Amino acid sequence: MNISTLCDRIDLQPDMKARVVTFSNGFDFSLADEQLKRFRDYEKMSEALSELQVLLGDDPDRIKILGCMLKASADVYEIYQAKGIRDEIYIETMRCYPRFIQETYRMTGKLYFDRYWWTTRQAG
């Protein structure tokens, strides 16, 4: 699965999807591959997230980290399939992204990704 398809399947807000796709098209994910794969190990998630944030640098609206979380989440789709986990369960699990963004929007009036610390679980 790719990021754009995942965004569509989870009904990510159109503005956020456009921003994530723009970031993703210009970012070399191989630079973050090690960190994104380490999200799959619960003991290494926190360290991997800290390293990823340093690697991404300034990210005021958290589009970069959202793009990376969605990339890692799209990459684990094959693991879900190999374990026999139905697509519906995978998609419902990943719908945390638009839900978190919508909750933040209701509180702040701004589309913003603020729960990157939580989504390491989805990404791994």
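Asp11 sits in the loop that links α1 (3–9) to α2 (14–26), where helices (H or I, at least four residues) and strands (E, at least two) are DSSP runs numbered from the N terminus. The model is a predicted one, so to speak of a local feature takes a pLDDT of at least 70 and side-chain atom pairs count only at pLDDT 80 or more, while totals for chains, interfaces and linings use all residues. Residues are numbered from 1 along each chain as its sequence is written, and side-chain values use heavy atoms, with hydrogens and water left out.

Asp11 is not a glycine, yet it has a positive phi of about 60°. Most residues other than glycine have a negative phi. Asp11 is also exposed, at a relative accessible area of 52%; here buried means under 20% relative accessible area, exposed means over 50%, and partly exposed is in between (1.4 Å probe, protein chains only). Arg62 is another non-glycine residue with a positive phi, this one of about 65°. Its place is the loop between α4 (45–56) and α5 (63–75), and with 22% relative accessibility Arg62 is partly exposed.

Now for the overall picture. The C-alpha atoms fill a box of roughly 40 × 30 × 25 Å along the principal axes. Of the 124 residues, 43% are buried.

The rings come next. The structure holds six aromatic pairs, counted when rings of Phe, Tyr and Trp (its six-membered ring) have centres within 6.5 Å; planes under 30 degrees apart are stacked, over 60 edge-to-face, and the rest tilted. Phe23 and Phe27 are stacked, because their ring centres are 4.9 Å apart and their planes stand at 25°. Phe27 and Phe29, in turn, are edge-to-face, because their centres are 5.0 Å apart and their planes stand at 85°. Phe23 and Phe27 are both buried, and Phe29 is buried as well. Phe23, Phe27 and Phe29 form one aromatic cluster. Lys71 lies over the face of Phe29, 5.9 Å from the ring centre; such a charge needs NZ of Lys or CZ of Arg within 6 Å of the ring centre and within 35 degrees of the ring normal.
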